[in-house]
Amino acid sequence: MAEVDALCPTKPRSSGLCSLVWSSMREAFWVDCSRGPIPSLGELMHLLDSASGSHCESPTTKEQAMAQRRNLPLGPNSTLTEGDVAQMYCGNPLEPEVEKVVFVLKLALCLLAYGHSTVDAEEIFRCVCHKAGLPTPCVTMGPRDMQACFGAGPVHLLRCGRGIIADKMKDTAQLAICIECGHTPFNVRQATAFLDSIIAAPLPYGFAMHCVALHCALTCAAFCTYQGDARDALAVALVAPFVIAASKLCQSCPALGPMEVLLVPFVIGLFVPLVWEYIVPVAVDHISVMVFSLLLVWLPGSELIYGVYEIKMGSTTIGGSRLVSTLIQSMLLALGITMGWQVFGSNAHLRVVGNASAFVPFQGRHSSIDWRWIYGVGNLVMIPFTLARLHVRLRDMLQPFVIIYVSLLAYASLTHLSSLPNPMINVAATFIAGSAASLDECLTGTPAVLPLLPVIIILAPGSGAVKSVLLALQTGHSEFWSTSILEGTTMAVGMYLAFTLWRPVLERCNMKRAAEAGAKFSPRCPHPVHQGFDSA
């Protein structure tokens, strides 16, 4: 029998191939239903407590611990290693504190990389430095970089990747809250281990599931965000796979990474006129619905609102640079669409308007569908896909879903049932969303920005910026600063008012939850160390 098996190697090879295909499919369609790498608040505070940390740490010295971590990257997508930072402190008065320096720098890079605003990240950074016993830092944070210096120590110029990864944002914020509200000093080595587990944790959705969520979110945007009909959604669904493929290609190839903001709109401008001409022949005013639905997640809406918010909070340089970045990104998106349009769309609407044009038509369109269906029913479908696209875990979706749904319903009600002007509606809608998100943070510890970002994405304030650039390309006149910046400012004002009013309440809630958790686990009283995470 062994000789027969040796002469027929196809059977094990086939089973090995099937196993490889099956494992690849499982990885591609992976959905994480766990609670993540961070334990419950009480147990996390217990493990971070310096007194109880001696039960958990190995007896290695600081030098040996740093030697083991020498080649680990300092943060997400950072080329600098922990060993590089430690080497900068050789002979420096802060050399005994190098473990603390490495931890706070890594925490700051994670806050930036996973989607926190620079204002909030700076505040958390200063508070954690105080808890760690480090000198008061001089720090400036931008969207993708930061400069920091501790007393007489060296100046750190650090860069990181930038994105919105909601599950890691929540876990990082939870860790920071435990440090801010916990005992002083805290166990730095245990905190660094938790931060490493957050960075190393896999994303909650596999590659294919994330692509499916993005495809569904773009398709739903034609109906929910831009109030199109079934024909618009069909056109978006047909073009979306090519757009997603272009985006993933740019993300997987470092050389093409900076080209995403041009390549994605180029693909949109390339395929939309084909679908419009030969598959979904509708009126010319449907084209803007198709184009902007496909651009939904690349619109600079969050950058626009973050820029105004940071200026209001005192970060004038960073906020101003964000607004300039919004303008440049809008120009690149508009140019990319126009370049792609030249291939098949330069004469596409000749049969409709009677003359050839090399520009993208973007006439406004009045929806014939009742707004109650759009905001009451359509968002029931769109919101979960938008949250999945932002990497919100399945078991963490309920509270953000309720907040987003209620906020969008309030926005629609104010728009259609009140006589308020649009700027006041924007202020009121974002104030409601910010207040609901802050209340959720008081109750659960989830960062308020997490449910607020999908509201910004679905309301799409960045589409006005791209429209103003397209208008400038066609007529030579632009209303970017008078319309797009005003729209972003009104939304940022609502967010600012909500966060400012809720900040004292949030601080008291965090201290109360930390005190209750500390009393439950009594970390400074002798008791057995818990070895596992809560199953809740």
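Modeller: Contact here means heavy atoms within 4.5 Å. The model is a predicted one. By that criterion, and leaving aside residues up to four places away in sequence, Ser407 touches Ile432, Ala433 and Val455.

Biologist: What makes Ser407 count as buried?

Modeller: The cut-off for buried is under 20% relative accessible area. Ser407 has 3% relative accessibility, and therefore counts as buried. This residue lies in helix α19.

Biologist: Which backbone atom lies 2.7 Å from a polar atom of the Ser407 side chain?

Modeller: That atom is the backbone oxygen of Ile403. Polar contacts require N or O atoms within 3.5 Å, and the distance here is 2.7 Å.

Biologist: Why is α11 called roughly antiparallel to α18?

Modeller: The axes of the two helices, α11 and α18, cross at roughly 155 degrees and come within 8 Å. Angles over 145 degrees count as roughly antiparallel, so α11 is roughly antiparallel to α18. Residues making the contact include His210 and Leu214 of α11, and Trp373 and Phe385 of α18. The crossing of α11 past α18 is left-handed.

Biologist: Where is the kink in helix α18 centred?

Modeller: The kink, of about 50 degrees, is centred on Asn379 in this helix of residues 371-389. Asn379 is also among the buried residues of α18, which pack against α11, α19 and α21.

Biologist: What is found at the start of α18?

Modeller: A side-chain oxygen of Asp370 reaches to within 2.8 Å of the backbone nitrogen of Arg372. After the helix comes His391, with a positive phi near 70 degrees.

How values were computed. Residues numbered from 1 in each chain as written. Predicted model: local features only at pLDDT ≥ 70, side-chain atom pairs only at ≥ 80, totals over all residues. Heavy atoms only, no water. Bend = angle between axes of the 7 residues up to and from the residue. Helix = DSSP H or I, 4+ residues; strand = E, 2+ residues; numbered from the N terminus. Buried < 20%, exposed > 50% of the residue type's maximum accessible area, 1.4 Å probe, protein only. Polar contact = N/O pair within 3.5 Å; in protein donor to acceptor, adjacent residues only side chain to side chain. Axes fitted to C-alpha atoms, helices over the stretch in contact; angles between N-to-C directions. Parallel < 35°, antiparallel > 145°, perpendicular 65-115°, else oblique. Left-handed = near helix turned anticlockwise from the far one by under 90°.
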